[in-house]
Structures are given as C-alpha cells and as structure tokens.
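This briefing is meant for a reader who is new to the structure shown below. Its points are grouped by topic and can be followed alongside the sequence and the model.

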Amino acid sequence: MTIQTKQQIFSLEHPPTPQCHASTIAEFEGRLYAAWFGGLKEGADDVGIWLSMREGDAWSEPVCMAQGGVPHWNPVLFSFAGQLFLYYKKGKPIPGWYTCLRVLRQGVWSPERELVPGDIGGRGPVKNKPIQLKSGMICAPASLEYKEQPEKGEKWQAFADLSEDGMNWRAQPVIEADVRLIQPTLWESDAGLHALMRSDAGLVYRSDSEDGGRNWCSAYATGLPNNNSGIDAAQLDGKLYLVHNPVGENWGPRTPLIISVSDDDGQTWREAVTLEDAPGEYSYPSMIAEAGMLRVVYTHNRRGIVYAAVRS
C-alpha cells in the first residue's frame, strides 16, 4: 500500500479549538467531509462538533455545527439516500449522554433533533459509521457505558442498532462477552454480518451475526492487539482493512497507527502500511473506501486532525 496524501485538515498554528479528537469521514456528492469534537479539553462544557469539507486538494475552514451547555462527543458522518447524516452525542458524564442528529439535504443542514427522544446512554452509531446491508437495512455499531454497581466500575456493552431510514432506530440485544467491549466497527460478507470491537483485554474482539445484526454469537478474541482505543474497518477490492494501534496493553500507548489487511474475511491479518510511528497520540481513526482508495482521518496529539489517502 502507498500513502498518496497526508495533510492536516486545519492549521496547527491557528486551530479552531485548543484540543480536538474523535474524527469521522464520509463522501457526499463528490466531496469529502470530516467532523470531530473540539474545545478546551475532552469533557469540557465548551466542547462542540466541528466540520470541514474537502474539495480539490484543500479543506475548508472548520465550522461549528453544535455547541453549548454540555460536552459534545464522537460525531459520525454517514452518506445515505442523497443525504449526509451527522450524528453526535451530548451529555455529562458519558453514561448520561444522548445522541443528536443533523442532516444535510440539498445544501441545507436541518436543525438539531434528538435521535431517540428520552433515551439515555447513546443510540445509533457511537463512534464508527453505520453500513447499509444487502437487505437494505442500515446497521449502526452501537455501545453503552454505564455503572451497573458503583463498586464494580463501569460496564461496557456493544450492540447493533437497526434502521430503515437513518432517522428511526431499533436497538438489538447486546453482544455477550466476558470482557468490556465498546465502539464496534462493522462489515458484511457472504458469511453474514461481523463486528470488531475495542476491549479492555489487550485484544480486538469479534462477533458474528447470521440474521443482519439481530442476534450475535458470544464475542471472542482475535489475534489483533488493542490498547483499549478506537479502531475502524473498511472493505476494498475484496479485502478487509483495519486501521488501529497495534498495542496489546489496556490503556497502552496510542502510537503507532497502522492499517492491517485481511484476505480471508478477518480470520488472519498482516500489516499493510504505517500511518504514524512517532511518539505521541495518533488515535481514534475513521476510514472509508472511496474511489479506489482508503481515506482515513485520525487524532494528531489532540491538537490536529490528519487526513490520509492510501492506495491499495
């Protein structure tokens, strides 16, 4: 694989906010869009959702899409049926957050609306993009973080949220696991629907569904190391790609950042390309396959958002 382009989305000398994190990318009407959360620091009340558009070789000046009152988190962009969906979370602390939505149609962004009114904990896509299944259904990779019993700490559970239109959602049963799992990334193959998940066990975990995300097998460990940080997958030219930190330590370093590839539907993996290997934080990637390329955005030391285009 070859890195064709790598650039900061905005100037590190004049950033829109002191810190930024959790970027997302989508293609819509011939343009790339990227979004992230930014503010004083993660979890601060001024943290909002920021958006930039790439046309040609340049990214536009970031604009704030949502801000005020409470921290905003984890935007997710999704292009579907001539619309660009922007999902994001609001709330403090994380177990009390809820998902909001704005939609770009015919050049105009809709007002903010709560995705599932009254639902606390986060619905729809929690970090990574939804996918449209062969059935036509939209499946969002979802997860919950909540305190089951204070003395046991937070409980993490992953699940699929299903929708026909990207607006209305039906949560499915959680994926059974003996470790904490959040932030799935999804792909569909001839064998069914599959999820890879962030864990607190030093490895990426996997689960599989034969009925479009309604029921899942118990999660099982893969051979992929995971540092309890975000991952994302995309399919291109019959292969499956995963962008991740190959660090097998719970809360381990968020460097290096690499793309791995699988030729056998995620059973085995090999490293394909290194995006970053310097000291620092290169994390929470988002990846799509578009125009024969893998297009990735990720956090750069909480100060910038990097865009990379990689040819297979």
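Four strands form an open sheet in the order 20-21-22-23, and their pairing is antiparallel. Strand 20 (232–236) and strand 23 (270–276) are the edge strands, each with a single partner strand, so one side of each has no neighbour in the sheet. The model is a predicted one.

**Strand 3 and its partners**

- Strand 3 is largely enclosed by the rest of the structure, because 8 of its 9 residues are buried.
- On one side of the pairing list is strand 2 (residues 19–28), which runs antiparallel to strand 3 and is joined to it by 8 bridges.
- His21 has Phe37, in strand 3, as its bridge partner.
- The hairpin of strand 2 and strand 3 has 2 residues between the strands, and Glu29 in this hairpin takes a positive phi near 50°.
- Strand 3 also pairs with strand 4, again in the antiparallel sense, over 7 bridges.
- Opposite Tyr33 stands Met53, which is in strand 4.

**Salt bridges**

The structure holds 16 salt bridges.

- Asp45 and Lys92 meet through their side chains in a salt bridge, with a distance of 3.7 Å from N to O.
- This pair links distant parts of the chain, 47 residues apart: Asp45 is in the loop between strand 3 (31–39) and strand 4 (48–55), and Lys92 is in the loop between strand 8 (83–90) and strand 9 (98–105).
- Asp45 counts as partly exposed because its relative accessibility is 42%, while Lys92, at 54%, counts as exposed.
- Lys90 and Glu112 form another salt bridge, in which the closest N and O atoms are 3.0 Å apart.
- Here too the pair links distant parts of the chain, 22 residues apart, with Lys90 in strand 8 and Glu112 in the loop between strand 10 (108–109) and strand 11 (113–114).
- Lys90 is buried, with a relative accessible area of 11%, whereas Glu112 is partly exposed at 36%.
- A salt bridge also forms between the side chains of Arg180 and Asp200, at 3.1 Å from N to O.
- Arg180 lies in the loop between strand 15 (170–171) and strand 16 (181–189), and Asp200 lies in the loop between strand 17 (192–199) and strand 18 (203–209), so this pair ties together parts that are 20 residues apart in sequence.
- Arg180 is partly exposed, with a relative accessible area of 23%, and Asp200 is also partly exposed, at 23% relative accessibility.

**Ala171**

- Ala171 has its place in strand 15.
- The relative accessible area of Ala171 is 43%, so this residue is partly exposed.
- Apart from its neighbours within four places in sequence, Ala171 is in contact with Arg123, Phe159, Ala160 and Asp161.
- Between Ala171 and Ser283 there are 28 Å in space, C-alpha to C-alpha, and the two are 112 residues apart in sequence.

**The largest pocket**

Rolling a probe the size of a water molecule over the atoms shows where empty space is left.

- The largest pocket has about 430 Å³ of space.
- It is lined by 20 residues, of which Phe78, Lys129, Pro130, Ile131 and Ile288 are the closest to its centre.
- Two or more lining residues come from each of strand 2, strand 7 (72–80), strand 12 (131–132), strand 16, strand 20 and strand 24 (282–290).
- Strand 7 gives the most to the lining of this pocket, with 4 residues.

Methods. Residues numbered from 1 in each chain as written. Predicted model: local features only at pLDDT ≥ 70, side-chain atom pairs only at ≥ 80, totals over all residues. Heavy atoms only, no water. Salt bridge = Lys/Arg side-chain N within 4 Å of Asp/Glu carboxyl O. Buried < 20%, exposed > 50% of the residue type's maximum accessible area, 1.4 Å probe, protein only. Pairing = 2+ DSSP bridges. Contact = heavy atoms within 4.5 Å. 1 Å grid on protein atoms, 1.4 Å probe; cavity = no way out; pocket = protein on both sides within 12 Å on 5 of 7 lines; lining within 4 Å. Points joined across faces, edges and corners; volume = space filled by probe spheres on them.
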